[in-house]
Amino acid sequence: MLRRELLARSGLALAAGAMSSTSGWMEAAAEDISPQTLEGPDWPAVRSQFALTNEYIHMSAMLISSHPKPVRNAIQEHRRGMDADPLTYVFQNNRRLQEEARTAAGQYLGVGGSGIALTDSTTMGVALVYNGLRLTANQEILTTDQDYYVTHESIRLAGRRTGAQTRRISLYDEIEGISEEQIVDRIMHAITPATRVLALTWVHSSTGLKLPLRAITDAVEAINAGRDEAARVLVCVDGVHGFGIEDMVLSDLGCDFFMAGCHKWLFGPRGTGIVAGTSRAWESLLPTIPSFIDSANWQAWSSGTDPEGPTTASRMTPGGYKAFEHLWALPQAFEFQQGIGKARVAERTHHLAAQMKDGLRAIPKITLHTPRSEKLSAGIVSFDIEGLSPGAVVHRLRERRIIASVAPYAVPHVRLTPCIQNTPAEIDTVLQEIRRIVS
Ligand SMILES: Cc1ncc(COP(=O)(O)O)c(C=O)c1O
C-alpha cells in the first residue's frame, strides 16, 4: 500500500517525491509510519529521521542540529564523490549545486534564488551585512539591549570602520505583560533622522521573546516614505530562531535583510546559513569576501577591471573552497521541512512550547521569561528556578538525561527548546523532572 497513501496523508509525500532515490527518506518514512497516526503528520516518522540518541531528551535545537536522514545521505554521497576525485567532483558540481541551494532557500523564503547569499552561519551573515553597509559618520545604527553578542559586536566593528554611531535602546522595562504595541512604540520613538540601520533579532535567545516584525517594519515604512533612498531605515534581522519554525516568507516580515544559520531549527547541514535580501537592499552593501560563484566578478578580475553593476546576492556569497558536501546538502534540508509542511512545523513547535510554558507556570519557584502568546514567542522557552543558578539547573537536568542550555548573556537564563523532534510525552517528562528539582 499504501506507501504512497501513507506518505500523502502524513504530509511526507512532497519530501519523498522531491528526494533523490539515494536519499533514503521515502524508505525510512514508510518503515516508521504507524497506523494510528494516519490523520496527521507522522511525528514518530519525522523523529526517526534523526540519529539522535534515545538516552536523552534533546532540548537544544536552537544551538546545533542533528542532520535528518535525507541530509545525512546527501552529505555522504557528496563526500564519496569528493574523496574519490575532489577536483573533478567540485568542477562538475559546485556551481550547479550552490545554485540549487540558493534556489531551495529562495523558494522557502519566497524570494527566488537570486535573493539569497549562502554563508557558513548566522554569525557570518550578520557580520557580512553590518560590515558591508555603506555608512557615513553622520549615520547611526540603532539596536537594542536585548540583541545578541553577534549583532552587538558586528555593529561595533562596523561603527569602528565607517565612523557611524551605534546606539542601543531597551525594548522593555519588564518582559511580563509586554505587548506588540509597546515594542513598536519604543522603536519608533528611538528612530531619528540619523538612523540608517535598525539592527534587530527576531526571536531573542535569552528570553525567547519574538518581535512583531511586521508591525515594526510597517511602522518603519511610514517613516521611510518621507526619506530619500540613501537615507531609508534598513531593517536588518538576525532571524535564526524563527527560521525553520514559523510559517512565513520574507515579504511577510517586511525586513530588508534576514540572516540565519541553517544548522539550528531548520536541521540543515552544520556550517551553513543564508542571507536573504530584497532586490533594492543588496545595493546598499559592499561585499567583503570575494565570491566564487559570480562569473562577472571573475571576468572583471581576469580583464583587470572593476566588476560592473550593483552588489548582488551572488557577489555577497563568500567564496573559497569549503566543506562542500555540507553546503551542497542544503536543498535536502529545505525539502525535508517542506515535506512535513511549514504550517505543520509551526503548529507543532508552538503547541509543544505552549505545553512546556503552561507546565512551568504551574510549578512554584519558577520564573518564566518567555511570553505565552504565540505572537510573541516561538520555540525557545526561557526560565529560572529560585535559589539555583541557570548553570546548576542545566547540570541537574543533564543528570536526569535532559539536554538544556544556558543563555550566554550578562543575565543568563535556562533554555528548553521543544521542536519537531520532541513529543508531548517528552515535555511531560521534562516538567516532571523540573518539579523534582524544585521540590
Ligand atoms: C540570536 C543568535 N544569533 C546567532 C547565533 C549564532 O548562530 P550561528 O551558529 O548560526 O552563527 C545564536 C546562537 O547560537 C543566537 O542565539
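Predicted model: local features only at pLDDT ≥ 70, side-chain atom pairs only at ≥ 80, totals over all residues.
1. Start with the rings. A search of the whole structure turns up 16 aromatic pairs. One of them joins Tyr 108 and Phe 243: the ring centres are 5.6 Å apart and the planes meet at 85°, so this pair is edge-to-face. If you want to find the two partners, look for Tyr 108 in helix H6 (residues 86-109) and for Phe 243 in the loop between strand E6 (234-238) and helix H11 (250-253). The pair links distant parts of the chain, 135 residues apart. Both Tyr 108 and Phe 243 are buried.

2. The charged end of Lys 342 sits over the Tyr 108 ring, 4.3 Å from its centre.

3. Next, Phe 257 and Trp 282. Their ring centres are 5.3 Å apart with the planes at 75°, so this pair is edge-to-face. Phe 257 belongs to strand E7 (residues 257-261) and Trp 282 to helix H12 (residues 279-282), so the pair ties together parts 25 residues apart in sequence. Phe 257 has 0% relative accessibility and counts as buried, and Trp 282 is buried too, with a relative accessible area of 3%.

4. Some rings form a group. Tyr 89, Phe 292, Trp 298, Trp 301, Tyr 321, Phe 324 and Trp 328 are linked into a cluster by ring pairs.

5. Now for Ser 382, which you'll find in strand E10 (residues 381-385). Is Ser 382 buried or exposed? It counts as buried, at 0% relative accessibility. A polar atom of the Ser 382 side chain lies 2.7 Å from the backbone oxygen of Ser 206. Leaving aside neighbours within four places in sequence, the contacts of Ser 382 include Thr 207, Gly 208, His 369 and His 413.

6. Finally, the ligand. Which residues surround it? They are Ser 121, Thr 122, Thr 123, Tyr 148, Thr 201, Ser 205, Asp 238, Val 240, His 241, Gly 261, His 263 and Lys 264. On the oxygen side of things, a ligand oxygen lies 2.5 Å from a polar side-chain atom of Thr 122, and a ligand oxygen is 2.5 Å from an N or O atom in the side chain of Thr 123. A ligand nitrogen, in turn, is 2.5 Å from an N or O atom in the Asp 238 side chain. Taken alone the ligand exposes 400 Å², and the protein buries 89% of that.

Note on methods. Residues numbered from 1 in each chain as written. Heavy atoms only, no water. Phe/Tyr/Trp six-rings, centres within 6.5 Å; stacked < 30°, edge-to-face > 60°. Helix = DSSP H or I, 4+ residues; strand = E, 2+ residues; numbered from the N terminus. Buried < 20%, exposed > 50% of the residue type's maximum accessible area, 1.4 Å probe, protein only. Lys NZ or Arg CZ within 6 Å of the ring centre and 35° of its normal. Polar contact = N/O pair within 3.5 Å; in protein donor to acceptor, adjacent residues only side chain to side chain. Contact = heavy atoms within 4.5 Å. Near = heavy atom within 4 Å. Areas by Shrake-Rupley, 256 points an atom, 1.4 Å probe, with all protein chains shown as cover.
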